[in-house]
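Thanks for coming, everyone. Please have a look at the structure on the screen, and then we'll walk through it.

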Amino acid sequence: MLLRHTTDKIQERKALVVNPAKTCQPIGAMYAALGIHRCLPHSHGSQGCCSYHRSTLTRHYREPIMAATSSFTEGSSVFGGQANLLESISNIFTVYDPDIIAVHTTCLSETIGDDIAQIIAKAQADGKIPEGKSVIHANTPSYVGSHVTGFANMVKNMVMYFSKSSDLKREQINIIPGWVEPADMREMKRLTTAMGIKTVLFPDTSDVLDAPQTGRHQFYPKGGVTIPQLQTSGDSKATISLGEFTSLPAAKALDAKCKVPFHSLDIPIGLTATDRFIQTLHDVTGAAVPDEITDERGKMVDIITDMQQYFYGKRVALAGDPDQLIPLTEFLVTLGMQPVYIVTGTPGKRFEERMSEILTDAVPDAKCKQAGDMFLLHQWIKQESVDLLIGNTYGKYIARDEDIPFIRFGFPILDRVGHSYLPNVGYAGGIRLLEKLLNAILDRQDSMSLEESFELVM
Ligand code: SF4
């Protein structure tokens with residue numbers, strides 16, 4: 001209903017966000033933590049926060065998300081949450097027996113100022129953390145940043161807590177995949193395995209959040225990076241970090257802590273970003289690119305050639321997370337499309353700089369906004385419409401109101417199933433994206449065409 005009142009008159013807004021294009025930090029921290037084997041995420045705050053984070057992840061991944069909470073009441077809000085967290089740590093190890101508890105904060109515990117590192121040290125000193133078990137943490141105040149920031153903070157702290165360097169350098173590389181679907185992480189591992197490269201990929205939610213149905217509930221599914229693997233990341237030859245917003249802070253921390261050089265790339269979404277990923281894998285390890293991968297690339301190029309005439313000049317609006325939007329926009333430009341409006345709710349000037357590099361020549365009048373909202377995107381569309389909208393589930397209201405074909409992409413997708421089981425990255429993921437793009441455009445063309453021009457063959 002609110003959308004019907006959206007006007008095309010844009011007014012400067014500093015202290016008002018309408019329909020945010022982001023969600024809160026702890027959701028990202030919780031998702032990252034689930035990428036560690038036998039990890040139980042723990043929300044240090046009130047129960048409502050934890051319920052919201054769990055339900056959003058559960059709805060997107062269609063898996064039951066397990067997480068614990070310090071369960072703040074009025075007392076903890078006034079006196080601090082140390083007692084609650086100490087008791088939680090004790091109870092969790094006794095009842096749920098995880099290998100690791102990953103604590104993230106919430107707005108409330110951040111405002112109180114709880115010192116989580118000190119509380120974990122006290123838990124250790126008091127013997128509440130059993131031998132061989134770990135507790136890590138990340139600060140995730142949700143009044144700054146977004147779910148992307150929370151994800152990055154937790155991944156960085158995996159390095160701060162676990163990575164070690166010894167004199168032994170290992171024939172392996174680290175890959176920090178960024179916030180991608182479990183199927184994307186699996187696809188990255190398939191590509192590196194095909195090249196014969198040993199990797200430590202962290203976090204790794206494949207086989208955690210896309211685990212097969214076996215008829216038997218497993219509280220801790222088989223997937224996830226293990227703590228011993230994380231510890232060896234300090235002895236790897238190099239790190240490839242995918243996404244400046246989600247992965248670069250961890251890569252920098254690993255370089256500073258263990259002197260592991262890093263290569264910062266985009267998430268391999270689309271042809272050229274995947275080319276850079278494969279080329280860097282080759283450059284860093286010397287591994288040859290097998291025919292299997294070369295053939296996949298060739299197929300993708302062939303499909304682009306067949307489809308390109310339908311993509312050319314199509315105007316596209318996008319909303320989502322910066323690390324995904326940057327390579328996706330580049331991909332659309334490669335296809336001859338016109339990404340004209342791009343919004344992310346995550347703050348960071350670097351997003352607009354990267355977009356300007358990609359769009360200045362190809363789409364000089366494109367509009368791009370970091371720390372923007374869906375309301376602004378809708379206003380731009382009201383001013384001049386587009387042929388396609390790409391974004392998470394919340395975009396469907398704009399698509400319906402403006403009668404625009406819509407492709408669900410990013411996080412969260414709450415009204416469809418299956419997205420977390422199929423990759424968007426690599427050449428295989430690129431082919432999947434191409435099919436979705438073309439179907440959206442041609443389905444619209446079919447539904448709008450006159451009877452005499454309704455063609456059987458395109
Ligand atoms: S924004 Fe803050 S208070 Fe709201 S759910 Fe997230 S952490 Fe909790």
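Let me start with a question: how many bridges join strand β12 to β13? Three, and the two strands run parallel. β12 covers residues 388–391. Within this pair, L389 stands opposite F406 of β13. Keep in mind that this is a predicted model.

Now zoom out to the sheet. It is an open sheet of five strands, paired in parallel. Read across, the order is β11-β10-β9-β12-β13. The edges are β11, residues 367–369, and β13, residues 406–408. Each edge strand has a single partner, so one of its sides has no neighbour in the sheet. From one strand to the next, the twist averages 15°.

What lies across β9, β12 and β13? Helix α16, residues 395–402. Its direction makes an angle of about 170° with β12. β9, for reference, is 315–320.

Next, a helix pair. α13 spans residues 322–334, and α14 spans residues 349–359. They pack at about 10°, and their axes are 10 Å apart. Angles under 35 degrees count as roughly parallel, so α13 is roughly parallel to α14. Who makes the contact? On α13, P322, I326, T329, E330 and V333. On α14, F351, R354, M355 and I358. By class, that contact has six nonpolar residues, one polar and two charged.

Let's step back to the whole chain. The domain assignment gives domain 1 at 25–162, domain 2 at 173–289 and domain 3 at 292–452. Take domains 2 and 3. Their centres, over C-alpha atoms, are separated by 25 Å. Between them, 28 residues of domain 2 are in contact with 30 residues of domain 3.

Which elements give two or more residues to the domain 2 side? α8, residues 182–194, and α11, residues 271–285. The largest share comes from α8, with seven residues. That side of domain 2 has 16 nonpolar, six polar and six charged residues.

Last stop, the ligand. Which residues surround it? C24, P26, G45, C49, Y52, T106, C107 and S142. How does this shell divide by class? Five are nonpolar, three are polar, and none is charged.

Thanks, and over to you.

Conventions:
Residues are numbered from 1 along each chain as its sequence is written. This is a predicted model: local features need pLDDT of at least 70, side-chain atom pairs count only at pLDDT 80 or more; totals for chains, interfaces and linings use all residues. Domain bounds come from an automatic or database domain assignment. Two residues are in contact if their C-beta atoms, placed from the backbone, lie within 7 Å. Helices (H or I, at least four residues) and strands (E, at least two) are DSSP runs, numbered from the N terminus. Ala, Val, Leu, Ile, Met, Phe, Trp, Tyr, Cys and Pro count as nonpolar, Asp, Glu, Lys and Arg as charged, and the others, Gly among them, as polar. Two strands pair if DSSP finds at least two bridges between them. Axes are lines fitted to C-alpha atoms, for helices over the stretch in contact, and angles run from 0 to 180 degrees between N-to-C directions. A residue is near a molecule or strand if its C-beta atom, placed from the backbone, lies within 6 Å of it. Angles under 35 degrees count as roughly parallel, over 145 as roughly antiparallel, 65 to 115 as roughly perpendicular and the rest as oblique.
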